[in-house]
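Please open the structure in your viewer and keep the selection tool at hand.

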Amino acid sequence: MLKFCMFAACIILGAALPKEETHKDRVIDRELSDKEHFENEKHNPEYDHEAFLGEEAQTFDQLPPEESKRRLGLIVDKIDKNTDGFISRDELKDWIRYTQKRYISDDVNRQWKQQNPDDNPTVSWDSYQKMVYGFLNHPSVEPNDTDEEKTYKSMLKRDRRRWAAADNDGDDNLTKEEFSSFLHPEEHEHMRLIVVQETMEDIDKDADGKISVEEYIGDVYRADEGEEEPDWVRSEREQFAIYRDKNGDGFMDEEEVKSWILPDDFDHADAEARHLIYEADQDVDEQLTKEEVLKKFDLFVGSQATDFGEAFMRHDEF
């Protein structure tokens, strides 16, 4: 899942500016795990663990098999929303989507509380601007501004544009749902062109409205003087020439950037749900019982036993 970090959010949380994203991070609707699903034609169970558990996968890696299986049983009960004793493909798909997006709802809830401690129905732009950018004297960029001030003012300008796009009723106040669109535009269909625009601005250093191969490479790699480019960078150059620059003019325009970071729909969650059912469905009825899931618990959550014990376990129950 794509994490387009909002610069202003980093300020709120007192964090440093985000690191440059890799090209893979820029693509929306990417794979459910950074792991390869098959390596040297062999199945990699770690992919399934991260797809099924999301950010909880690492936690389960530290659990003894008995505790891992117990928690998996609790998860199965949650997945079976209609409580008919079976997990359908749709129920499993919904769970996978939930685990992949859980960090987003957590982030929205956290920042909503920061911006709106009284839990009002909406947050105003004026309130947000004062809290996040109140240290700026004026939003315009002055000739004597420091580089840091210019950066923050540029961030303010981008946030203002994104706020307006998220504000469905145009009242300059955001509901919590609209605020979610503002924080994570990549997750909302009506905001995705904003993501394309921001990606163009991030990479197009000379602001000519198109991305050259050098700008594309420069987004993820800075060569030291005299350093030979590694193989993966040469591979990125080939990717640009063959797949990114579709019209062969040596640049990516906005439409080509859109097709890159917003690829044609492929439902990774559905594909993974099909795979997990295929692997665990003993009676081949295209649905799973709790017994079938627990028999294949190593497929879903892993089976690594460790010596970390309870001291390293998370105590929040599913």
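The stops below concern salt bridges.

This is a predicted model, in which local features need pLDDT of at least 70 and side-chain atom pairs count only at pLDDT 80 or more, while totals for chains, interfaces and linings use all residues. Residues are numbered from 1 along each chain as its sequence is written, and side-chain values use heavy atoms, with hydrogens and water left out.

Side chains of opposite charge can pair when their charged atoms come close. A salt bridge here is a side-chain nitrogen of Lys or Arg within 4 Å of a carboxyl oxygen of Asp or Glu. The whole structure contains 21 salt bridges.

First, select lysine 130 and aspartate 126. Their closest N and O atoms are 3.2 Å apart, forming a salt bridge. Both residues belong to helix 7 (residues 125-133) and stand four residues apart, about one turn of the helix. Helices (H or I, at least four residues) are DSSP runs, numbered from the N terminus. Lysine 130 is exposed, at 57% relative accessible area, whereas aspartate 126 is partly exposed, at 42%. Buried means under 20% relative accessible area, exposed over 50%, and partly exposed in between (1.4 Å probe, protein chains only).

Next, select arginine 158 and glutamate 201, a salt bridge with closest N and O atoms 3.3 Å apart. Arginine 158 is in helix 8 (residues 147-166) and glutamate 201 in helix 10 (residues 192-203), so this pair ties together parts 43 residues apart in sequence. Arginine 158 is buried, at 15% relative accessibility.

Salt bridges with shared partners join Arg158, Arg161, Arg162, Glu198, Glu201 and Asp202 into one network.

Technical notes
Helix = DSSP H or I, 4+ residues; strand = E, 2+ residues; numbered from the N terminus.
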